[in-house]
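Biologist: I would like to learn how to read cavities, pockets, helix packing and hairpins in a model. Can we go through one case together?

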Amino acid sequence: MSSNGWLQIGLLLILALVTIKPLGLYLARVFEGERTFLSPLLSPIERGILWTSGVDPRREQGWLAYTLAMLAFNAMGFLALYAILRLQAHLPYNQQGFAGMTPDLAFNTAISFVTNTNWQSYAGETTVSNFSQMAGLAVQNFLSAATGIAIALAVTRAFARSAANTLGNFWVDMTRAALYVLLPLSIVLALIFIWLGLPQTMDASVTATTLEGAQQALGLGPVASQEAIKQLGTNGGGFFNVNAAHPFENPSAISNYFNILAMLSISTALIYAFGKMVGDVRQGWALIASVAILLVAGIAAVYVAETYGNPIQLALGLDPTFGNMEGKEVRFGQAMSAAYVAITTGISNGGVNAMHGSLTALGGLVPMFLIQLGEILPGGVGSGLYGLLVFCVLTVFVAGLMVGRTPEFLGKKIEGREMKYAMLAVLVLPFAILGFSAVAAVLPMALASLGNAGPHGLSEILYAYTSAAGNNGSAFGGLSANTPWYNTTLGIAMALGRFAYAVPVLAIAGSLVGKTRGTPSAGTFPTHTPLFVGLLVAIILILGGLQYFPALALGPIAEHVSMLAGKTY
């Protein structure tokens with residue numbers, strides 16, 4: 001731990017903060033249908049896509065029609081991607097001659113990319129062809145991110161409109177998200193990545209001569225374009241097995257900065273755009289402050305834990321100067337590894353530049369806990385915003401109970417119906433995470449995949465289902481997940497974490513949009529003040545995290561205590 005490391009982290013966060021307002025203003029203009037500098041180029045394309053699809057942009061949908069459109073579109077996306085992966089051997093641009101995926105692996109991978117999780121039970125460079133990468137995985141990277149943004153827009157309109165019946169049009173929202181936001185930013189970022197040395201080619205490999213004089217084939221492909229949308233869409237799936245630790249995905253400290261900034265950009269800007277669209281920018285900044293407090297605390301916790309080092313190594317008298325460097329890249333160091341670990345899990349990205357399974361027990365606890373909070377720090381593109389708004393609903397309800405008033409948020413009264421849907425949403429994650437983890441912890445076929453015994457073995461299971469249900473995609477590498485059991489159950493957990501959460505959220509939006517938006521009175525609890533920020537942070541920690549404490553106590557916390565006692569498994 002050093003002042004240089006803290007300066008690197010501080011500069012990164014300042015750069016991320018600077019981008020929030022300009023990008024947030026652009027997003028608000030796009031989604032309110034206003035003209036932008038890209039409109040002359042993209043408006044004709046947008047009209048052509050909607051006309052060809054038979055979509056009338058003036059015809060809006062109620063919450064049920066919006067939800068059904070979202071579910072139907074994603075179901076078709078799943079089937080299309082599943083077919084590509086199964087039939088890969090018969091499709092073009094498969095120079096390596098890769099076979100199609102097995103049914104369970106194709107099922108897992110298709111659900112993974114459709115749900116914006118990008119969990120990978122395979123090594124990309126030895127399993128997936130260039131065609132599957134581009135026509136299958138990259139397409140879903142765009143569409144899954146656009147779906148999340150569309151749902152967030154529907155929820156935003158529920159607070160912005162008064163006594164209305166519709167939430168917008170899913171097809172229009174998704175098209176604008178992909179066309180005006182994800183595609184232009186991805187093109188710019190891909191060009192930056194190419195400039196920084198990432199490959200962008202249709203060649204499958206290049207032959208290199210090693211220092212010993214041997215010939216080695218190095219995998220190549222359209223890496224830069226895949227990497228750009230992977231980060232901007234908070235997808236996280238790597239072109240290569242070791243993800244952003246691979247020098248072809250993340251070759252330098254500068255590219256690492258761009259990777260992290262890209263992860264943060266759209267999710268944080270959407271929160272600002274929310275404040276702009278509901279007519280209270282202060283509300284957007286209050287929500288940003290809430291997630292920033294928890295995210296910065298997570299970065300600091302990982303950095304301290306990893307620079308302190310492994311207690312067993314310290315007990316053996318080894319030099320603690322470099323802390324725990326196992327599983328980390330020297331070109332990034334402790335500080336930027338810690339920042340990447342916390343941000344990729346707080347933001348539902350799931351890409352890694354260091355191996356999470358090699359973190360210290362407390363260092364590994366932090367990313368797992370950040371996912372369990374609900375992936376709202378600031379979470380995935382779109383999904384982080386609507387998840388955060390669910391916690392806002394719960395927060396004003398608790399505040400209302402404390403002062404004996406009907407809870408309100410942005411002029412909309414929060415009543416029994418909204419609370420039932422909110423509780424249904426927040427219970428999805430613990431049901432999937434703890435339920436599947438409990439079964440896997442006693443099932444012989446699941447235990448056979450563990451690379452470690454004892455508390456760390458339990459952590460491997462718990463992290464896998466946490467990552468899947470939270471739509472994150474990162475993993476503790478000791479778990480061999482490419483088995484029918486894990487491919488199937490992790491796939492189900494991903495679907496629950498995405499769609500079983502989104503449906504009650506859209507139901508909340510449908511209920512709120514029909515209510516008259518009231519004006520603040522002297523007795524209204526202000527939701528843009530430091531008091532609300534503190535209460536929201538407390539509710540996130542209590543309702544989002546406390547339910548996992550017993551499981552964490554048996555996993556990473558028990559592992560840390562064992563390491564302090566000098567015991568290994």
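**Reading the spaces and contacts**

Modeller: We start with the largest cavity: α14 (383-403) and α18 (484-513) each supply at least two residues of its lining. Helices (H or I, at least four residues) and strands (E, at least two) are DSSP runs, numbered from the N terminus. The model is predicted, so to speak for its limits: local features need pLDDT of at least 70, side-chain atom pairs count only at pLDDT 80 or more, and totals for chains, interfaces and linings use all residues. Residues are numbered from 1 along each chain as its sequence is written, and side-chain values use heavy atoms, with hydrogens and water left out.

Biologist: What is a cavity, and what is a pocket?

Modeller: Both are found on a 1 Å grid over the protein atoms alone. A cavity is a set of points where a 1.4 Å probe fits but cannot get out. A pocket is an open set with protein on both sides within 12 Å along at least five of seven lines. Lining residues have an atom within 4 Å of a point. Grid points are joined across faces, edges and corners, and a volume is the space filled by probe spheres set on the points.

Biologist: How many cavities of 30 Å³ or more does the structure hold?

Modeller: It holds 5. The largest has a volume of about 140 Å³. Its lining has 14 residues, and the closest to its centre are Gly-374, Glu-375, Ser-383, Asn-471 and Gly-497. Helix α14 gives the most, with 4 residues.

Biologist: How does that lining divide by class?

Modeller: Ala, Val, Leu, Ile, Met, Phe, Trp, Tyr, Cys and Pro count as nonpolar, Asp, Glu, Lys and Arg as charged, and the others, Gly among them, as polar. The lining of the largest cavity has 4 nonpolar, 8 polar and 2 charged residues.

Biologist: What does the second largest cavity look like?

Modeller: Its space is about 80 Å³. Of its 13 lining residues, Leu-373, Gly-374, Phe-391, Val-426 and Leu-429 are the closest to the centre. Two or more residues come from each of α15 (416-440) and α19 (530-545). The largest share, 4 residues, is from α15. By class, the lining has 9 nonpolar, 4 polar and no charged residues.

Biologist: Which residues are closest to the centre of the largest pocket?

Modeller: The largest pocket has a volume of about 510 Å³. Of its 31 lining residues, the closest to the centre are Gln-120, Asn-241, Gly-473, Ala-475 and Gly-477. The lining has 11 nonpolar, 20 polar and no charged residues.

Biologist: How do I read a helix pair?

Modeller: Two packed helices are described by the angle between their axes and the distance between the axes. Axes are lines fitted to C-alpha atoms, for helices over the stretch in contact, and angles run from 0 to 180 degrees between N-to-C directions. Here α4 (residues 103-114) and α6 (residues 130-160) pack at about 40°, with axes 8 Å apart. In contact (heavy atoms within 4.5 Å), Thr-109, Phe-113 and Val-114 in α4 meet Leu-137, Gln-140, Asn-141 and Ser-144 in α6.

Biologist: And a strand pair?

Modeller: Two strands pair if DSSP finds at least two bridges between them. Antiparallel β1 (residues 205-209) and β2 (residues 215-219) are joined by 5 bridges. Thr-207 stands opposite Ala-217 in β2. The two strands form a hairpin with 5 residues between them, and Gly-213 in the turn has a positive phi of about 90°.
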